[in-house]
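Dear colleague,

I am passing on a structure for you to look through, and my notes follow below it. Please read them with the model open beside you.

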Amino acid sequence: MKDKWMRFKTDKEYRMQLIMILITILVVIATVLPIVLASSMSFYREDDFFEGHMTINDKKRNFYELFIDSLQLVKYFFCAENGTYFSKFIVSFFSPLNGYGLTQLRITMICNVLLFVLGVCAFISGICKHDIKFLQGRLLLIMCCFLGIFGFDAWYQIFYWFTGAVYYTIPLSLMLLALALITLSAKKTNYLIAAILLFCASGGSLAIAGTGCFWLL
């Protein structure tokens, strides 16, 4: 630590590099933080009332009953309507209407934004590991991505609506994390975790499943 401090005082180039890294991190935080705060004030919208209705009953259901009912809902929709098995399970099993209400909703939406941020950071680091070896360069690219995503118009379905987040944002974040694991390392453990994440992500929406298949190809 002492050596780094001495280098910081004596090496102007090293000092400027650290200052630029700090500024970039602060810009990323300043861009992401308003979306996190807005997500913490999310409220029920539209399909949130419909999606979990099959598992809501007059009597309070325990964890096991809710789990089984959610699986039955997945089976019904998978066989009769579409292949969104992962999202159907999550939207039913973790629905705030079936659990702890607005507190659960808002914690879930905050976690949704943070998971997306983590997925984007990991994905960019993975695809740039050979081309951009310096941390500063990767952070600048991440900053540009977040300015583009968060800095203009963040659609409410993605970050402020529980059902929208479950069907699109969470599967997309899992896909980004899976692709990041594959690109960052060739370890078998990474491939196994990535396969599980991609299986879940593919059960979110056809667009995300198609994007994941395209990247793998």
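A residue is called buried when its relative accessible area is under 20%, exposed when it is over 50%, and partly exposed in between, using a 1.4 Å probe and protein chains only. This is a predicted model, in which local features need pLDDT of at least 70 and side-chain atom pairs count only at pLDDT 80 or more, while totals for chains, interfaces and linings use all residues. Residues are numbered from 1 along each chain as its sequence is written, and side-chain values use heavy atoms, with hydrogens and water left out.

Cys121 has a relative accessible area of 22%, so this residue counts as partly exposed. If a disulfide is taken as a pair of cysteine sulfur atoms within 2.5 Å, the count is zero. Cys121 is accordingly in no disulfide, and the nearest cysteine sulfur, that of Cys145, is 9.1 Å away.

Cys121 also belongs to the lining of the second largest pocket, together with Ile25, Val28, Ile29, Val32, Leu33, Val36, Leu114 and Val117.

Ser39, by contrast, is buried because its relative accessibility is 0%. A polar atom of the Ser39 side chain lies 2.8 Å from the backbone oxygen of Ile35. Leaving aside residues up to four places away in sequence, Ser39 touches Arg106, Met109, Ile110, Val113, Phe159 and Tyr160, where contact means heavy atoms within 4.5 Å.

Note on methods
1 Å grid on protein atoms, 1.4 Å probe; cavity = no way out; pocket = protein on both sides within 12 Å on 5 of 7 lines; lining within 4 Å. Polar contact = N/O pair within 3.5 Å; in protein donor to acceptor, adjacent residues only side chain to side chain.
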